[in-house]
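Here is a short note for a colleague who is new to this entry. Please read the points with the view open.

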Amino acid sequence: MSEDRPASWTFLTHHARVLVEIARDPQIRLRDIASGIGITERAVQSIVSDLHAAGYLQRGKVGRRNHYSLNLEQSFRYPTEAGLPVRLLIDIFTQHDLFVPEERP
């Protein structure tokens with residue numbers, strides 16, 4: 001595959017990416033999420049609504065800004081991972097210091 005062509009698939013869904021971005025910054029603006037992961041703000045709004053309806057996050061206001069809190073004990077939805085909390089995924093992508101690659105000589 002050429003380096004100048006974008007990948008046609010990724011390991012994480014847009015729902016997972018939105019959840020990770022909110023975990024990194026609970027007061028992040030939806031437009032910043034959209035810009036960061038390369039989807040429309042409207043798509044992010046829809047995903048946040050899905051995540052809220054499924055119990056993965058709660059929304060509130062702090063001043064004029066939205067504030068999100070995550071329910072990290074909520075289980076994954078797919079049957080093979082249904083007993084595992086989403087905390088496992090979030091921890092992987094928010095605790096980079098645990099996964100620093102070793103320097104090679």
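1. A search of the whole structure, a predicted model, finds one aromatic pair. W9 and F11 form it, edge-to-face, at 5.0 Å centre to centre and 75° between the planes. (Rings of Phe, Tyr and Trp, the last by its six-membered ring, pair if their centres lie within 6.5 Å; planes under 30 degrees apart count as stacked, over 60 as edge-to-face and the rest as tilted.)

2. Are W9 and F11 buried or exposed? W9 counts as exposed because its relative accessibility is 55%. F11 counts as exposed at 77%. (Buried means under 20% relative accessible area, exposed over 50%, partly exposed in between, with a 1.4 Å probe and protein chains only.)

3. Helix α1 spans residues 14-24, and its buried residues are A16, V18, L19, V20, E21 and I22. Their cover includes α2 (30-37), α3 (41-53), β1 (57-62), β2 (65-70) and α4 (87-94). (Helices, H or I of at least four residues, and strands, E of at least two, are DSSP runs numbered from the N terminus; contact means heavy atoms within 4.5 Å.)

4. E73 sits in the loop between β2 and α4. E73 counts as partly exposed, because its relative accessibility is 48%. Leaving out residues up to four places away in sequence, E73 touches P85 and R87.

5. E73 and G55 are 18 residues apart in sequence and 10.0 Å apart in space, C-alpha to C-alpha.

6. On reading the numbers: residues are numbered from 1 along each chain as its sequence is written. Local features need pLDDT of at least 70, side-chain atom pairs count only at pLDDT 80 or more, totals for chains, interfaces and linings use all residues, and side-chain values use heavy atoms, without hydrogens and water.
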